[in-house]
Amino acid sequence: MARISLDPPRSLFLRMAEWYSRRKYGRVMDPLRATAHNPRVLRAGALYESRIAKWRALDPGLKHLAEMVSASRIGCSWCVDFGYWLAEDLGMPMEKIRYVPAWREHRERFGELELLVMEFAEALTETEPTVTDAMAEELIGRLGESAFVELTAIVAVENHRSRINAALGLTGQGFSDQCAVQPVGKGAAGATGAAAS
């Protein structure tokens with residue numbers, strides 16, 4: 001249950017943001033409603049996300065895997081729920097994506113570069129980060145410096161999103177319920193399970 005009301009004071013900017021959210025995602029996103037209690041945070045967040053959406057150096061599938069691993073590691077059930085829906089919307093194979101929260105237990109389902117990206121995302125998400133020189137060197141060699149910088153930044157962005165949503169007590173809004181394949185939780189041997197929370 002959310003730790004903050006999802007019924008913020010109404011403003012013109014909030015109404016515009018709600019319209020956009022309904023148009024793009026089919027519903028008003030809870031993080032939008034929660035941050036609307038501080039209009040400056042809402043406006044800054046909207047501007048921030050609109051600029052992030054224009055990053056193009058990193059393959060979208062790798063970017064999404066990094067975001068999902070970071071959200072799973074932090075335990076943001078809202079971000080994981082939304083991440084499944086977004087993956088399907090991006091045309092990613094749900095039979096693979098459903099294993100992201102438990103990727104270490106299902107390494108055989110991912111390619112070598114995907115595993116490197118997920119390991120890096122998890123290492124960067126740790127407190128203290130556990131990124132190594134060897135990890136960075138391998139990714140720079142495979143992705144190039146521009147895409148590596150974008151990968152690093154998107155994991156930091158997802159840490160920002162996930163930590164805010166988790167602290168505000170936001171949980172899934174049922175996005176993953178619309179997916180063709182349900183997620184597999186950690187410790188599951190392959191049977192359908194709940195997303196990591």
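In this predicted model, helix α4 passes helix α9 in a right-handed crossing. The two helices pack at an angle of about 35°. Their axes lie 9 Å apart. Helix α4 covers residues 60-74, and helix α9 covers residues 145-167.

Both helices supply side to this contact. From α4 come K63, A66, E67, S70, A71 and I74. From α9 come E150, L151, I154, V155, E158, N159, R161, S162 and R163. By class, the contact holds six nonpolar, three polar and six charged residues.

**Overall fold**

The chain has nine helices and zero strands. Read along the sequence, the pattern is α-α-α-α-α-α-α-α-α. The radius of gyration is 17 Å, close to the 16 Å that the globule rule gives for 197 residues, so the chain is as compact as a globular protein of that length. Along the principal axes, the C-alpha atoms fill a box of roughly 50 × 40 × 30 Å.

**The largest pocket**

The largest pocket holds about 1500 Å³ of space. Its lining counts 45 residues. Of these, Y25, M29, E49, F82 and R161 lie nearest the pocket centre. R161 also belongs to the α9 side of the contact with α4.

Helix α3 gives the most, with nine residues.

By class, the lining divides into 29 nonpolar, eight polar and eight charged residues.

**A cis peptide bond**

One further local feature concerns the backbone. A cis peptide bond joins T127 and E128. Its omega is about -10°. E128 lies in the loop between α7 and α8. Helix α7 spans residues 112-125, and helix α8 spans residues 133-143.

Notes. Residues are numbered from 1 along each chain as its sequence is written. This is a predicted model: local features need pLDDT of at least 70, side-chain atom pairs count only at pLDDT 80 or more; totals for chains, interfaces and linings use all residues. Side-chain values use heavy atoms; hydrogens and water are left out. Axes are lines fitted to C-alpha atoms, for helices over the stretch in contact, and angles run from 0 to 180 degrees between N-to-C directions. Helices (H or I, at least four residues) and strands (E, at least two) are DSSP runs, numbered from the N terminus. A crossing is left-handed if the near helix is turned anticlockwise from the far one by less than a right angle, and right-handed if clockwise. Contact means heavy atoms within 4.5 Å. Ala, Val, Leu, Ile, Met, Phe, Trp, Tyr, Cys and Pro count as nonpolar, Asp, Glu, Lys and Arg as charged, and the others, Gly among them, as polar. On a 1 Å grid over the protein atoms alone, a cavity is a set of points where a 1.4 Å probe fits but cannot get out, and a pocket is an open set with protein on both sides within 12 Å along at least five of seven lines; lining residues have an atom within 4 Å of a point. Grid points are joined across faces, edges and corners, and a volume is the space filled by probe spheres set on the points. The radius of gyration is taken over C-alpha atoms; the globule rule is 2.2 Å times the number of residues to the power 0.38.
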